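Thanks for making time this morning.

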Amino acid sequence: MAPPETSGSAPLRFVEAVGRSTLRAVEQVGFGATLVGDSAYWLIMGRRRGQVVRPQPVFAEMMEIGIRAIPIVTMLAVTIGIMLAIQGIYQLSRFGAETQVVVGVAFGMTREFAPLITGILIAGRSGSALAARLGTMTINQEIDALEVMGVNPTRFLVVPSLVAMLIMLPALVVWADIVSLLGAGLYISAELGMNMSTYVDQTLELLSAGDLLHGLEKSLIFAVLITTIGIADGASVEGGAEGVGRVTTNAVVHGITAIVLTDMIFAFATTRS
Amino acid sequence: MATSSTDAPTAILVRDLVTHYGDREILHGIDMEVRQGEIMVIMGGSGSGKTTLLRHLLGLEKATSGSVQLLGRELTELDESGIYEVGKKIGVAFQSGALFSSMSVGENVMLPLVEHTRLDRETMEIMMRMKLEIVKLAGFEDLMPAELSGGMIKRAAFARAVVMDPVVLFADEPSAGLDPVVSRSLDELILNLRDALGMTIVVVTHELESAFNIADRITMLDQGNILTIGTVDDVRSSDNVRVQHLLNRCFEEEVLDPDAYLARLVGEGRRA
Ligand SMILES: Nc1ncnc2c1ncn2[C@@H]1O[C@H](COP(=O)(O)OP(=O)(O)OP(=O)(O)O)[C@@H](O)[C@H]1O
Ligand SMILES: [Mg+2]
């Protein structure tokens with residue numbers, strides 16, 4: 001088989017491929033940024049332009065993104081909370097400082113694990129669903145139909161998801177904070193014979209509003225990332241049903257990668273002293 | 001049959017439209033005019049550029065050069081609010097139907113009313129039922145698109161396209177894949193809409209019979225060029241070999257007689 005007309009050697013072609021995918025990534029980021037800007041515009045200006053953002057689709061999305069995710073978020077958060085407690089007690093017992101586990105669990109969960117786990121979970125659950133929906137709608141000419149009807153697709157499709165995500169992801173993180181700390185508390189009180197109410201008091205005393213906010217701020221960023229990546233990947237669909245499968249997978253991989261990287265950068269920028 | 005007079009005002013004006021997909025030039029300088037109140041049928045072989053042309057008429061695709069005017073407005077220069085205004089005046093029945101899968105049939109048909117009017121819910125529902133009645137889908141408003149057959153999806157899409165009584169109606173392959181009875185009734189519907197409401201209608205179709213039934217004029221595309229534009233009689237009696245070839249081929253596809261086809265296969269087998 002004749003090679004494509006690209007010039008020359010394998011390393012060169014590799015560089016070219018890297019260049020091309022970098023370009024595509026930059027393009028996607030640009031698209032995502034535009035999407036956020038447009039969404040803000042329609043949210044604020046929609047009424048004046050005769051294109052209102054309706055509350056019902058927002059509620060429907062909140063139900064789907066938030067309420068339906070409660071069971072799985074609860075399960076994972078409790079599990080991680082208990083895991084942290086187990087590992088914490090094991091490590092700290094070497095210094096005879098088991099009771100300090102409360103500190104580790106409280107900070108670890110609220111600042112790091114609750115937002116991260118919830119973000120990853122929702123990227124897998126709702127980011128992929130968004131990409132699949134947008135991909136299918138693109139292929140089925142539904143986006144075209146919206147445009148010729150004079151209905152702005154960003155206002156109609158993106159804004160409700162984005163708003164719902166911005167409300168529900170922080171809410172889920174708060175919920176994850178609560179249940180994971182309670183789960184860890186149950187384990188700690190059983191293991192160390194600590195009174196549950198003592199545990200709760202200690203935790204509340206340790207945690208400041210800043211710790212909770214640290215997690216919530218991150219979850220707001222995650223919400224924007226998950227939505228824009230889901231939409232951008234979904235809109236990039238090509239071909240038929242396999243195309244939709246591909247963009248759905250992309251949305252999960254891109255979403256989780258973006259969340260983990262952002263988490264690291266955020267922690268680095270705000271926590272280092 | 002051709003009722004539109006030559007001096008009717010222009011609804012759509014295309015001038016020297018050239019377009020590319022990537023490096024490939026798809027349309028090579030299209031000129032056409034659709035007058036108000038006429039039914040223009042766009043025909044042509046597969047891949048000749050019918051859908052591409054339609055997408056330009058709708059402003060969904062950006063041309064390399066040339067101009068497309070829809071109801072007096074240059075589509076290539078419209079901003080968001082211009083598109084919104086034009087959107088109120090046109091209806092489109094897409095080839096795939098393009099019904100929104102998360103909404104019921106009724107909600108789909110009502111969507112343009114919800115988005116563009118301040119009518120109360122009851123009025124909108126009455127209008128929605130009327131349009132569903134017209135496409136013979138009365139009573140199906142609560143079903144979801146996934147519960148409809150292919151032909152029903154097309155008819156529901158048609159109902160949605162006409163729910164605002166648009167000035168210009170576009171339909172991409174409205175009768176492809178429908179049984180002859182329903183397809184005939186859609187043709188009737190198209191004729192009625194033109195006669196009763198003076199609607200301007202642009203139809204892309206493969207079906208020669210349907211085209212001859214409804215068309216005031218026919219635009220025939222061939223590999224991205226306009227082969228001919230004229231009335232049904234003009235096209236039918238054209239002495240252009242390419243036109244005759246396309247017409248005959250369409251007929252062949254339409255009335256493929258299985259026995260004759262088998263006989264031909266067997267004959268070819270013997271010869272080989
Ligand atoms: N999205 C696209 N990207 C690249 N090329 C395209 C695209 N869509 C259409 N084309 C090309 O443009 C040409 C015209 O296609 P178009 O869909 O307009 O044909 P058509 O007349 O509608 O055919 P059919 O009757 O089969 O629907 C074809 O050669 C096709 O390969
Ligand atoms: Mg086509």
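This is a predicted model: local features need pLDDT of at least 70, side-chain atom pairs count only at pLDDT 80 or more; totals for chains, interfaces and linings use all residues.

Across the interface of chain B and chain A, the rule finds six residue pairs in polar contact, both residues being at pLDDT 80 or more; a polar contact here is a pair of N or O atoms within 3.5 Å, where within protein one must be able to donate a hydrogen and the other to accept it, and residues adjacent in sequence count only if both atoms are side-chain atoms. On chain B, the side that touches chain A draws at least two residues from each of α2 (80–89), β6 (90–93) and α3 (105–116), where helices (H or I, at least four residues) and strands (E, at least two) are DSSP runs numbered from the N terminus. By class, that side of chain B has 14 nonpolar, six polar and four charged residues, with Ala, Val, Leu, Ile, Met, Phe, Trp, Tyr, Cys and Pro counted as nonpolar, Asp, Glu, Lys and Arg as charged, and the others, Gly among them, as polar.

Residues are numbered from 1 along each chain as its sequence is written, chains are lettered from A and ligands numbered from 1 in the order in which they are written, and side-chain values use heavy atoms, with hydrogens and water left out.

Staying with the interface, 24 residues of chain B are in contact with 20 residues of chain A, contact meaning heavy atoms within 4.5 Å. The rule also finds three salt bridges between the two chains, each being a side-chain nitrogen of Lys or Arg within 4 Å of a carboxyl oxygen of Asp or Glu. A:Asp144 forms a salt bridge with B:Arg55, and the closest N and O atoms are 2.7 Å apart.

Turning to chain A, we have nine helices and zero strands, and its C-alpha atoms fill a box of roughly 70 × 55 × 35 Å along the principal axes.

How do α6 and α8 of chain A pack? Helix α6 (residues 153–192) of chain A packs on α8(A) at an angle of about 145°, with the axes 9 Å apart; axes are lines fitted to C-alpha atoms, for helices over the stretch in contact, and angles run from 0 to 180 degrees between N-to-C directions. Among the residues that meet there are A:Leu162 and A:Met165 in α6(A) and A:Leu216 and A:Phe222 in α8(A), and by class this contact has 16 nonpolar, three polar and one charged residues.
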